[in-house]
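Student: Could you walk me through reading the features of a model? I would like the general idea, then the case at hand.

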Amino acid sequence: SMQKVGICNTIASLGSAWTAQQFESLKRYATKLCFLPDADEIKSGEKYGTGIKKVMVNGLLAIRNGFSVSVREIPLGKGNSKQDPGSYITGKPIYNDLEEEDFITWYAKYIFDDCETTDDKSRAINTICSMVATLKDDVKEEMYVSKLQDIYKNKNILYFDNLQ
């Protein structure tokens, strides 16, 4: 449906479980991926909707497979109902109005918001550090470390001295 409104180079996975083999196949066509998760109502006792949870997993796998990854989130529908990109994005202007966020900083936002204990913070930092280290690019690592430290400086939780 996005191709119908002029947004080409799109794939609807028709499911949420991507594989390393699928990402390897995509490498022939692109080096950058932008995920558009479904906007799902958050179920009782859960922290995120299903679309967000799946992008967290698939985005990390895409990074590990060498892609530059970003995310554009769509809002929930009326009455906090589920909404998917195919029905929400009815034209390029709507797509262009969605903020595109770098995956690593997007992911960090979600997991750091959930940190309640020192152990939570430690797990979050280790997850982000391992993601940044996966990039195997010193310049990008420094840029991410600087950006994350700047974003979370008031939370006093990021100390990225050594990613290796």
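The dialogue below takes up cysteines, pockets, cores, aromatic pairs and backbone angles in turn.

Tutor: Ground rules come before features. This is a predicted model, in which local features need pLDDT of at least 70 and side-chain atom pairs count only at pLDDT 80 or more, while totals for chains, interfaces and linings use all residues. Residues are numbered from 1 along each chain as its sequence is written, and side-chain values use heavy atoms, with hydrogens and water left out.

Student: How many disulfides does the structure hold?

Tutor: A disulfide is a pair of cysteine sulfur atoms within 2.5 Å. The structure holds zero. For Cys8, the nearest cysteine sulfur is that of Cys34, 15 Å away. Cys34 is likewise in no disulfide.

Student: Is Cys8 buried or exposed?

Tutor: Buried means under 20% relative accessible area, exposed over 50%, and partly exposed in between (1.4 Å probe, protein chains only). Cys8 is at 55%, so it counts as exposed. Cys34, at 27%, counts as partly exposed.

Student: Now pockets. What volume does the largest pocket have?

Tutor: The search uses a 1 Å grid over the protein atoms alone. A pocket is an open set of points where a 1.4 Å probe fits, with protein on both sides within 12 Å along at least five of seven lines. Lining residues have an atom within 4 Å of a point. Grid points are joined across faces, edges and corners, and a volume is the space filled by probe spheres set on the points. Here the largest pocket has about 1,200 Å³.

Student: Which residues are closest to the centre of the largest pocket?

Tutor: They are Thr10, Ile11, Ala12, Cys34 and Leu36, out of 37 lining residues. Two or more lining residues come from each of helix 1 (20-26), strand 1 (32-35), helix 2 (50-64) and helix 3 (85-88). Helices (H or I, at least four residues) and strands (E, at least two) are DSSP runs, numbered from the N terminus. Helix 2 gives the largest share, five residues.

Student: How does the lining of the largest pocket divide by class?

Tutor: Ala, Val, Leu, Ile, Met, Phe, Trp, Tyr, Cys and Pro count as nonpolar, Asp, Glu, Lys and Arg as charged, and the others, Gly among them, as polar. The lining has 19 nonpolar, eleven polar and seven charged residues.

Student: What about the second largest pocket?

Tutor: Its space is about 220 Å³. Of its 15 lining residues, Gly66, Phe67, Ser68, Leu135 and Lys140 are closest to the centre. Helix 2, strand 2 (68-72), helix 5 (103-113) and helix 7 (138-151) each give two or more residues to this lining. By class, the second pocket is lined by seven nonpolar, three polar and five charged residues.

Student: Which residues touch the most other members of the largest nonpolar core?

Tutor: A nonpolar core is a set of buried Ala, Val, Leu, Ile, Met, Phe, Trp, Tyr and Cys residues joined through side-chain atoms within 4.5 Å. In this core of 33 residues, the answer is Phe103, Ile104, Trp106 and Ile128. Helix 5 gives the most, with eight residues. A second, separate core has eight residues, including Met2, Ile7, Ile89 and Tyr95.

Student: How many aromatic pairs does a search of the whole structure find?

Tutor: A pair of aromatic rings is described by the distance of the centres and the angle of the planes. Rings of Phe, Tyr and Trp (its six-membered ring) pair if their centres lie within 6.5 Å; planes under 30 degrees apart count as stacked, over 60 as edge-to-face and the rest as tilted. The search finds six pairs. Phe23 and Phe67 are tilted, at 5.8 Å centre to centre and 55° between the planes. Phe23 is in helix 1 and Phe67 in the loop between helix 2 and strand 2, so the pair ties together parts 44 residues apart in sequence. Phe23 is buried at 0%, and Phe67 is buried at 3%.

Student: Why is the pair of Tyr48 and Tyr110 edge-to-face?

Tutor: Because their planes are at 80°, with the centres 5.4 Å apart. Tyr48 is in the loop between strand 1 and helix 2, and Tyr110 is in helix 5, 62 residues apart. Ring pairs also link Tyr48, Phe103, Trp106, Tyr107 and Tyr110 into a cluster.

Student: Last, phi. What is the phi of Asn9?

Tutor: Most residues other than glycine have a negative phi. Asn9 has a positive value, near 55°. Asn9 sits in the segment before helix 1 and is exposed at 81%. Asn80 also has a positive phi, about 60°. Asn80 lies in the loop between strand 2 and helix 3 and is partly exposed at 48%.
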